[in-house]
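Here is a friendly walk through one chain, from its fold to a few side-chain details. Please keep the structure open beside the text.

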Amino acid sequence: MREFPRAVLTVLAVVLALWLVLGFWPLSGAGQLAFSLCILLAGGTALWRQWRYFQRHRVSMEQLTENSLPPEDYQGAVVLVCGDTASLFPVEAAHRETRQGWYLQAENAEQLPLLAQHLANARPALVPQVSVLLALMPEQHLSEESLAQSLRGWRRSIAQCRIWLNDLPPVWSVVWVSPPNSEYQEEGCWFTVTPDLPGARVRQSSHVPLPLDDWQREAGNNASRFCHLLWLDSVQALTERHIIRPFSTRQGDLPALKFCASGISLTPVMAAADNLWQQQIAQITTLSPMGSSVPAMPSLPDVLLPYMPRRQGISRRMQDMRLVGGVCFLFLALAMLASFINNQRLVRSVGDHLVVYHRLSGNPPEPKRQAQQRLRADSHLLDDWLRRGEPLRYGLGLYQGVRLIPPVEAAISDWTPPPPPPPVIKKVMQGPQTIRLDSMSLFDTGKWALKPGSTRLLVNSLVGIKAKPGWLIVVAGHTDSTGDEPSNQALSLRRAESVRNWMRDTGDVPESCFAVQGYGESRPVATNDTAEGRALNRRVEISLVPQANACRLPGSTPASSDDDVSKNEMEK
């Protein structure tokens with residue numbers, strides 16, 4: 001079914017459009033949301049209309065049986081017959097096969113484009129062989145208004161066939177009219193107009209087409225042929241007025257149709273009472289011709305089939321592939337345009353940062369330091385894209401970030417912020433250096449209890465640490481990176497508590513003089529990649545930190561911070 005490829009093509013277009021909006025185009029979040037909703041709404045509407053069209057025409061499509069179509073390898077002409085077709089086909093059959101062509105009947109104007117669609121889907125290789133025959137039998141119409149209304153409907157349905165037949169197919173017309181003398185008939189006689197010969201010609205089976213004058217002279221004084229020529233003039237006038245002239249003029253959305261050939265057959269036709277042909281003859285001769293009441297099946301115009309142009313068409317599958325290729329090409333073109341816009345915005349943004357940076361003199365240094373930080377952020381982003389690959393919205397061969405890296409790095413390197421001014425110290429406070437103890441000298445691996453014999457090391461190392469009011473003894477434990485981080489942090493805290501407890505119990509120092517901290521592996525002083533570095537990181541640090549009201553004995557009065565500092569200088 002043609003509807004399934006169309007639905008797949010619609011879904012493909014929606015997916016590519018969403019990818020284009022969300023992945024390429026430089027839109028804000030609100031813009032992406034709005035465009036995405038519009039795309040989904042348009043895609044859903046298209047799918048819904050396709051489903052409605054399928055449901056509306058499913059009954060008509062079911063009437064077109066597979067048996068009425070020619071075989072896939074058929075080499076003759078395939079003719080879609082529209083117009084007055086009831087007398088041209090058997091009652092129970094929708095097609096007629098002749099030596100040169102396969103004729104398919106369209107019973108009404110709505111069925112003709114459906115027949116073209118069914119043929120294009122089921123026999124796509126036969127599309128270049130298809131033509132449309134407009135059959136007209138004036139003796140079956142009662143008025144000019146009804147004939148004009150019928151022809152307008154057929155004209156619109158013929159124009160709709162171009163959707164399924166890759167273009168407007170060749171259109172030709174044939175008129176069947178009862179002869180003036182029903183007793184005299186010439187077998188296989190057709191009056192035709194073709195583009196290869198000027199004027200009307202008489203064509204008979206296996207005979208050379210003759211001009212009308214030669215055909216009349218060929219029979220001598222045959223009055224029957226003279227009546228046929230008079231009859232032919234009236235038929236041509238009717239055809240010119242109702243078919244040739246209206247169809248060759250564009251009307252609204254209906255394109256102009258030029259018939260590639262036309263034919264007239266004078267053969268008995270089933271006629272209605274007081275029909276249009278009788279009215280026309282009565283106006284000319286004041287005599288109304290007798291209509292035929294014998295149901296006969298007129299012959300089909302095989303003599304005109306060799307003059308049908310053969311088109312260079314493509315199958316529906318190839319046309320669908322073209323549509324898919326067109327959608328993909330449009331997506332790629334828009335994606336490259338979006339990538340170009342994104343790269344230009346990137347170049348413009350980095351360029352603006354460089355201009356602002358070079359414009360600043362560095363005095364005061366803070367604005368230029370901020371501009372340098374923006375350049376550092378740009379450099380970090382560009383370096384990251386260089387290592388991992390740029391985002392797709394900047395790619396497709398248009399990425400410009402590589403050529404921005406050298407000027408950005410050069411700008412960052414040509415200026416160094418001045419060092420901060422030294423702090424103003426009102427009073428010089430002397431204190432001991434931080435004492436660093438090796439954890440492996442005090443503890444066993446993974447333990448926090450002091451090893452036997454570590455007391456001597458603690459006494460020698462902590463001789464300068466004395467508890468005094470206004471100073472806080474800070475004991476901090478550290479580990480290397482071996483093991484998991486929570487375990488290391490807990491181990492460092494417990495080792496610091498063990499040292500604190502020894503100092504408290506040995507020196508009879510109040511516990512308020514101590515602050516215990518466990519940093520684990522978060523503050524290394526050396527690399528953890530070597531054994532020497534890990535040994536330096538396993539440590540316990542003890543230092544004095546000035547803090548008002550720290551290490552106060554019970555009953556003592558708090559002193560001012562200046563007095564505490566002046567009275568509690570560290571002893572050497």
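Which strands does helix α13 lie across? Helix α13 (residues 485-507) lies across β11, β12 and β13, and runs at about 155 degrees to β12. Angles go from 0 to 180 degrees between N-to-C directions, with axes fitted to C-alpha atoms, for helices over the stretch in contact. Contact means heavy atoms within 4.5 Å. Helices (H or I, at least four residues) and strands (E, at least two) are DSSP runs, numbered from the N terminus.

A word on the source: this is a predicted model, where local features need pLDDT of at least 70 and side-chain atom pairs count only at pLDDT 80 or more, while totals for chains, interfaces and linings use all residues. Residues are numbered from 1 along each chain as its sequence is written, and side-chain values use heavy atoms, leaving out hydrogens and water.

The open sheet has four strands in the order β10-β13-β11-β12, and its pairing is mixed. Two strands pair if DSSP finds at least two bridges between them. β10 (435-438) and β12 (514-520) each have a single partner strand, so one side of each edge strand is left without a neighbour in the sheet. On average, neighbouring strands of this sheet are turned by 20 degrees against each other, direction ignored.

β11 (residues 471-478) and β13 (residues 539-546) run antiparallel and are joined by eight bridges; Leu472 has Val545 of β13 as its bridge partner. With β12, β11 pairs in the parallel sense over six bridges, and Ile473 stands opposite Phe514 in β12. The chain passes from β11 through α13 to β12 in a right-handed β-α-β crossover, meaning that with the strands pointing away from the viewer, the path from the first strand over the helix to the second runs clockwise.

**Salt bridges**

The structure holds ten salt bridges, each a side-chain nitrogen of Lys or Arg within 4 Å of a carboxyl oxygen of Asp or Glu.

Asp480 is buried at 7% relative accessibility, where buried means under 20% relative accessible area, exposed over 50%, and partly exposed in between (1.4 Å probe, protein chains only).

Asp384 and Arg387 are three residues apart in helix α9, so about one helical turn separates them. Asp384 is buried at 19%, whereas Arg387 is exposed at 60%. Salt bridges with shared partners join Asp384, Arg387 and Arg388 into one network. Arg203 is buried at 5%, while Asp196 is partly exposed at 42%.

**Backbone details**

Most residues other than glycine have a negative phi, and most peptide bonds are trans. Asn363 and Pro364 are joined by a cis peptide bond with omega of about 5 degrees; Pro364 sits in the loop between α8 (316-359) and α9 (365-388). Asp274 has a positive phi near 50 degrees and lies in the loop between β9 (262-266) and α7 (276-285). Leu396, with phi of about 65 degrees, is in the loop between α9 and α10 (405-413).
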